[in-house]
Every structure is written in structure tokens, then in C-alpha cells.
Amino acid sequence: MQRKLEELNGIKFGVIRIGTFSSVATHWLPQLILNFQNKYPNIKFELLLGDHDEIEHWILTGRVDFGFLRLPTLPKLSTQFIHQDDFKVIVPKNHFLEKKDSVSLNDLSGLPFILLDKNGNSNITTLFETMDFSPDINFTTWDDYAIMAMVEKGLGVSILPELILQRVQYDLTILDLDVPLYRKIGIAYNEEKNLSLASKKFLDLLFFE
């Protein structure tokens with residue numbers, strides 16, 4: 001019904017539903033939405049925050065029009081690459097590692113580690129398995145900001161995506177890894193569920209402006 005109304009009225013009205021995770025919702029979407037609403041002020045947005053599996057499910061079932069995901073994702077979804085997001089090591093201020101130009105995974109061996117993970121589905125966990133590294137995990141949480149707060153208090157060290165560390169207000173030291181590790185972020189949508197005209201215009205703004 002929304003698509004039919006858009007065909008009749010252009011994109012004067014409508015709702016764009018986006019599946020996303022916290023770093024994209026915090027650092028990318030506010031400016032993108034502002035730019036879009038400057039052109040189409042009556043378009044509303046609904047943001048659903050979730051993990052990778054949840055966002056995939058929302059796209060497949062049509063709960064969201066499209067979603068931000070790490071790539072690769074399910075073969076049945078259409079995707080477009082957006083950004084390579086490097087992982088960084090975070091340690092408390094005055095930590096002995098902060099004088100190093102870069103940190104290896106071996107440097108983290110034996111240190112209390114705070115893992116960003118939910119239901120065993122984590123970029124970091126996958127990378128550790130690939131690198132055959134087993135950290136001393138003291139805490140596990142799905143909240144990036146909780147991890148930063150715990151690292152600030154000296155409860156451990158962690159590895160987080162660079163995107164979430166922008167404009168960080170915690171008193172931390174952010175360090176490079178000696179072997180770059182990263183995640184690929186992209187847009188995914190289900191071609192079997194036609195995108196609304198408003199969603200197509202929003203994606204045009206994302207990719208071409």
C-alpha cells in the first residue's frame with residue numbers, strides 16, 4: 001500500500017525502516033537522515049538496532065526495508081559494500097602497552113580481556129579463531145560503551161571497531177594492531193521484497209552524494 005501511495009504522490013510521505021547496529025546508528029545515520037529530510041521533510045524513519053543475525057532476519061521477513069551488515073552475508077540478499085572498518089585495541093590510560101606503536105595479539109595474551117559478543121556471533125571471535133588466539137576473557141557484553149567504561153576503569157583491555165571509537169568520551173588509549181584486522185560494512189536488502197521509492201532515494205543519497 002505504501003508503494004502504491006508513493007507512486008501516486010511521489011515521496012511526499014512514507015516511512016523508511018532500517019536495520020542497523022549501534023556504531024552506524026550513532027555516527028552515520030543522523031547526518032544521512034538530516035540530509036535526506038532536507039529534501040523530503042515528511043518522510044519518517046524507524047531504526048531497529050540489533051546484531052548481525054537479527055538484522056538478516058528483519059531483512060528477509062520484510063520487517064525492515066534494508067539493513068547495515070558486516071559482509072559477507074546470506075547469499076539470497078543483495079549487498080553493496082560501503083566501508084572497511086579497522087579494529088583497534090583499547091587499553092586504560094597509563095597502561096604499559098600504550099607506549100607501543102602497534103600491538104600484537106600476543107601482547108594481549110594473559111591480560112584480562114573484555115569481549116564484544118552476543119550469542120557467540122562476533123566479528124572479534126571469528127578473527128581470534130582465524131588467528132588461533134585465545135584471550136583471557138573476563139567479561140562478555142554486547143554493549144560497546146559498557147566495554148569502554150570497563151576498560152577506562154582498568155578492568156581489562158579490548159578490541160573494538162574504529163567506527164564506534166569516534167568522538168569517544170572515555171579516557172582510553174586507542175592503539176593499532178600490528179596486523180590489520182577489519183570488518184566490511186555494507187547495505188543489504190531482499191530483492192524479492194521490492195524497495196519503496198523512499199528507500200531507493202535514501203540509498204541513492206548514501207551511495208551517490
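Which residues of helix H4 (residues 52-61) are buried?

Mentor: Please bear in mind that this is a predicted model. The buried residues of helix H4 are His 52, Ile 55, Glu 56, Trp 58 and Ile 59. Viewed down the axis of H4, these buried residues fall within an arc of 160 degrees, so they line one face of the helix.

At the start of H4, the backbone nitrogen of Asp 53 has a side-chain oxygen of Asp 51 within 3.3 Å. After H4 comes Gly 62, with a positive phi near 85 degrees.

H4 also takes part in the largest pocket, being among the elements that give two or more residues to its lining; the others are helix H2 (22-27), E3 and helix H6 (123-130). This pocket holds about 370 Å³ of space. It is lined by 24 residues, of which Phe 21, Gly 50, Leu 116, Trp 142 and Arg 183 are the closest to its centre. Sorted by class, the lining comprises eleven nonpolar, seven polar and six charged residues.

Ser 196 is found in the loop between E10 and helix H8 (197-208). Ser 196 counts as buried because its relative accessibility is 4%, under the 20% cut-off. The side chain of Ser 196 makes a polar contact of 3.0 Å with that of Ser 199.

Technical notes. Residues numbered from 1 in each chain as written. Predicted model: local features only at pLDDT ≥ 70, side-chain atom pairs only at ≥ 80, totals over all residues. Heavy atoms only, no water. Buried < 20%, exposed > 50% of the residue type's maximum accessible area, 1.4 Å probe, protein only. Helix = DSSP H or I, 4+ residues; strand = E, 2+ residues; numbered from the N terminus. Arc of directions from axis to C-beta. Polar contact = N/O pair within 3.5 Å; in protein donor to acceptor, adjacent residues only side chain to side chain. 1 Å grid on protein atoms, 1.4 Å probe; cavity = no way out; pocket = protein on both sides within 12 Å on 5 of 7 lines; lining within 4 Å. Points joined across faces, edges and corners; volume = space filled by probe spheres on them. Nonpolar A, V, L, I, M, F, W, Y, C, P; charged D, E, K, R; others polar.
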